[in-house]
Amino acid sequence: MESFDGLGLSGQLVEAIRQMGFESPTPIQEKAIPILLKGNVDLVGLAQTGTGKTAAFGLPLLQLVDDTNRTTQALIVAPTRELSVQITSDLERFSSSFMKLNIVTIYGGASISEQIRKVRRGAHIIVATPGRLIDMLSRKVVDLSSIKYVVLDEADEMLNMGFKEDIDEILSTTPKEKNVWLFSATMPREVREIAKTYMRNPEEITMGERNQGNENIDHQFIMVDERDKYMALKRFVDYAPDIFGVIFCRTKIDTQKIAEHLIKDGYSADSLHGDLTQQQRDRVMRNFKNKSLQLLVATDVAARGIDVSGITHVIHMNMPDEMEYYTHRSGRTARAGKREFHLLSLRKRSRKNSTS
Ligand code: AMP
């Protein structure tokens, strides 16, 4: 597909996308947009962040939502605040030139009264993290009775984060006659179960390009003794002075320790983990996004859903416990259309190797 023209999107949406500089649809957009525009379908899309999945569901959703009807027609549930904010901002960018839409983001760690005020003013689309949405539902602030479309974004991650019960509650609060669009980077049993319970004959798009991002990534690893890992990291960063990367650690303590060492040694680094306040996290992310910070040292959960373009390296200080996390970590780099990235794992040298 050469352009967005043949996908069934309105001229205004095609023009808005063009203005944003998107020239041709990504593979998932090419597949998902015509299916979702049919209106009455459930969809399971296997896709990582970075494949253009926000536009893949966002563009059809904008076309299907009626901005002259003030009820809440669509609900998008995403695992983190960062991802929710990102989705809202993408939807606003696609639609603001020709639609009068209220898109309200609700997430924990920020004033609930402000979010309540915005919801009460009328939200055509709500983008929410599960926990805060449940809170809003129990306060009877959010009315999901007219919802026509529910998008579950990064479903596997929401389940990994322990949101299964919340997702169940949210889905059973929405009307029976609705469509569910579920996106997930991986398809563990729990995600399949959600699809089985809440979706009717969903269309499935398993992207042949599921690992497309990975094809553009050069996976490398270095064998070092545990005690030499930090030195190896420094050596590597010195060797790549233009690095703009995320360094993943398994624990908050490691994250903080490595960031502190790097800062002390004169590198542009900071840490991102769950013990920071929302303001601290915002500050770190702002600095990273505007590239005044070169190295973001993060835990898997905190770095979830981060959409920062131009990340050149993903470094694993420790390998993740779960294979899925490796996929998610990799998805931070090799964003749509970009090439040549490096991924470096610092692996513990086994006894056999260290003596040979
Ligand atoms: P996502 O997978 O939705 O997080 O998108 C990843 C990045 O690719 C975002 O920064 C989008 O703005 C960008 N993007 C999405 N679709 C396209 C497209 N068709 N052409 C160029 N960039 C795109």
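This is a predicted model: local features need pLDDT of at least 70, side-chain atom pairs count only at pLDDT 80 or more; totals for chains, interfaces and linings use all residues.
1. Ground rules. Local features need pLDDT of at least 70 and side-chain atom pairs count only at pLDDT 80 or more, while totals for chains, interfaces and linings use all residues. Residues are numbered from 1 along each chain as its sequence is written, and side-chain values use heavy atoms, with hydrogens and water left out.

2. Who sits around the ligand? There are 15 residues around it, and S24, Q29, G50, G52 and T54 come nearest (near means a heavy atom within 4 Å). By class, the shell has four nonpolar, eight polar and three charged residues; Asp, Glu, Lys and Arg count as charged, Ala, Val, Leu, Ile, Met, Phe, Trp, Tyr, Cys and Pro as nonpolar, and the others, Gly among them, as polar.

3. Now the polar atoms. A ligand nitrogen lies 2.9 Å from a backbone N or O atom of S24, and a polar side-chain atom of Q29 lies 2.7 Å from a ligand nitrogen. For G52, a polar backbone atom is 2.7 Å from a ligand oxygen. Taken alone the ligand exposes 500 Å², and the protein buries 82% of that (Shrake-Rupley areas, 1.4 Å probe).

4. On to the sheet: seven strands, open, with parallel pairing, in the order β3-β4-β2-β5-β6-β1-β7 (strands are DSSP E runs of at least two residues, and a pair needs at least two bridges).

Notes:
A polar contact is a pair of N or O atoms within 3.5 Å; within protein, one must be able to donate a hydrogen and the other to accept it, and residues adjacent in sequence count only if both atoms are side-chain atoms. Helices (H or I, at least four residues) and strands (E, at least two) are DSSP runs, numbered from the N terminus.
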